[in-house]
Amino acid sequence: MRVFSGIQPTGAKHIGNYIGAMRQYVTTQDEGDAFFCIVDLHSITVDYDPRDLHDRTLDLAALLYAVGLDPDRCTLFLQSHVTAHAEAAWLLSAVTGFGQLGRMTQFKEKGEGKEFVSAGLFTYPVLMAGDILLYETDIVPIGDDQRQHLEIARDIGQRFNARYGETFKIPRGVYPTVGARIMDLQEPSNKMSTTGGTTQGTVLVLDEPDVIRKKFKTAVTDSEREIRYAPDEKPGVSNLIEIMSVAAGRPIPDVEQAYAGKGYGDLKGDVGEAVVDLFAPMQARYKELRADEGELRRLLRVGAEKARQTSAPTLEQMYERMGFVRP
Ligand code: AMP
Ligand code: TRP
């Protein structure tokens, strides 16, 4: 079984990325032949700083190894190292509807009120579709906010197959059962995000322990004081329960039961500690790995080579079926 997922290098990674995505990468690397792509080409679709893109790309590679991706059990690579991705995006744009791209929530949200909206922000899902389809992917571990992008990737693959003959495997998204959508701790009706959210409500994987504790202590909860899991009615406390469930490795009903009759303060303090304990070993590994840039770059070169070999036959088939004269 082929696994593929992508993650953007810009924007500091937070506990939503960890719970919704990275944690699933780590488990899926043993369930199949897994490819994880740092999607640097996607990061230029909004205003960004080239120096920041450069450094954050290496930061994210170190972080992904630190959370548990193993270069011997999966393939981690940079999207820009494998030119097939940019080529596939162009070819697939021929079977992508302009109207469908315009209906993407992320495009509308990220473009709204901006003085300059890049064409890249609009065609972003086509690049993502190519990422996935090039690898004959079976499953795509992602968070809830990527559902619509996965749907369009499936549509694009199906449209290509119908127009040019059976070429792509149509992938399926897999979403975590707990924590597919982690909310901002200060504004629990919004998803946690480094672009749209609050600083105090966004817990970074690399935050210092005291910063993590403080962010949880000051988390906004509901007025009704009963500790109960009900995401629609009680988003603040339910979000904390989900995070606790993942960080402590306990099912949600267990967490609810453990806090029956206790106050929000107890829960907030304990979640903070559980998250500090969860991230501490990753933070230590990150520091070590990030210090050896030569080794990081070497691992990424090995990953890119494997990714090139795997994606090349699919790209070749695309060109041939579309009628191009090959060299
Ligand atoms: P990004 O950093 O935007 O490239 O996102 C990387 C992965 O994290 C994607 O699979 C997203 O679906 C997931 N993700 C982002 N924000 C959240 C969140 N607040 N809760 C759960 N998953 C998330
Ligand atoms: N759009 C995804 C995000 O912002 C990142 C991404 C790019 C991706 N290509 C992908 C995710 C392919 C899964 C598969 O999170």
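Which elements do the buried residues of α2 pack against? Keep that in mind as you open the model, which is a predicted one.

**Stop 1: helix α2**

Select residues 50-67. This is helix α2, with 18 residues. From its first C-alpha to its last it reaches 26 Å, close to the 26 Å expected at 1.5 Å a residue. Now colour its buried residues. They are L53, T57, L58, D59, L60, A61, A62, L63, L64, Y65, A66 and V67.

Show what surrounds them, and the opening question is answered. The buried residues of α2 pack against the strands β1 (2-7), β2 (33-38) and β3 (74-78). They also pack against the helices α1, α11 (264-291) and α12 (293-321).

Step just past the end of α2. There G68 takes a positive phi of about 130 degrees.

**Stop 2: ligand 1**

Select ligand 1 and show the residues around it. There are 17 of them.

Next, pick out some polar contacts:

- Q8: a polar backbone atom of this residue is 2.9 Å from an oxygen atom of ligand 1.
- N17: here a polar side-chain atom lies 3.1 Å from an oxygen atom of the ligand.
- M192: a backbone N or O atom lies 3.0 Å from a nitrogen atom of ligand 1.

On its own, ligand 1 has 490 Å² of accessible area, and the protein covers 89% of it.

Which helix gives the largest share of this shell? Select residues 15-28, helix α1, which contributes 4 residues. Colour the shell by class and you get 6 nonpolar, 8 polar and 3 charged residues.

**Stop 3: ligand 2**

Move to ligand 2. It is surrounded by 13 residues. The closest are G6, Y124, M128, D131 and Q146.

- Y124: an N or O atom in its side chain is 2.8 Å from a nitrogen atom of ligand 2.
- Q146: a polar side-chain atom lies 3.0 Å from a nitrogen atom of the ligand.
- Q8: a polar side-chain atom lies 3.5 Å from an oxygen atom of ligand 2.

The protein buries 91% of the 370 Å² that ligand 2 exposes when taken alone.

Which element supplies the largest share of the shell around ligand 2? Select α6, which gives 4 residues. Helix α6 spans residues 119-133, and both α6 and β1 supply at least two residues of the shell. By class, count 7 nonpolar, 5 polar and 1 charged residues.

**Stop 4: helix α7**

Select residues 147-164. Helix α7 has 18 residues. Its reach from first C-alpha to last is 26 Å, close to the 26 Å expected at 1.5 Å a residue. Colour the buried residues: H149, L150, I152, A153, I156, G157, F160, N161 and Y164. Just after α7, stop at G165. Its phi is positive, about 100 degrees.

**Stop 5: G201**

Zoom to G201. This residue lies in the loop between β5 (172-174) and α8. Is G201 buried or exposed? It counts as buried, because its relative accessible area is 0%, under the 20% cut-off.

Draw a line from G201 to D184. Their C-alpha atoms are 17 residues apart along the chain and separated by 5.0 Å. Beyond its neighbours within four places in sequence, G201 is in contact with D184, L185, Q186 and M192. You saw M192 at ligand 1, where a backbone N or O atom lies 3.0 Å from a nitrogen atom of the ligand.

**Stop 6: N239**

Now go to N239, in helix α9. N239 is buried, because its relative accessible area is 4%. Leave aside its neighbours within four places in sequence, and its contacts are I182, M183, D184 and L185.

**Stop 7: P231**

Finish with P231. Find it in the loop between α8 (209-217) and α9 (235-248). P231 counts as partly exposed, because its relative accessibility is 39%.

Definitions and conventions
Residues are numbered from 1 along each chain as its sequence is written. Chains are lettered from A and ligands numbered from 1 in the order in which they are written. This is a predicted model: local features need pLDDT of at least 70, side-chain atom pairs count only at pLDDT 80 or more; totals for chains, interfaces and linings use all residues. Side-chain values use heavy atoms; hydrogens and water are left out. A residue is near a molecule or strand if one of its heavy atoms lies within 4 Å of it. A polar contact is a pair of N or O atoms within 3.5 Å; within protein, one must be able to donate a hydrogen and the other to accept it, and residues adjacent in sequence count only if both atoms are side-chain atoms. Accessible areas come from the Shrake-Rupley method with a 1.4 Å probe; for residues, only the protein chains shown count as cover. Ala, Val, Leu, Ile, Met, Phe, Trp, Tyr, Cys and Pro count as nonpolar, Asp, Glu, Lys and Arg as charged, and the others, Gly among them, as polar. The expected span of a helix is 1.5 Å times one less than its number of residues. Buried means under 20% relative accessible area, exposed over 50%, partly exposed in between (1.4 Å probe, protein chains only). Contact means heavy atoms within 4.5 Å.
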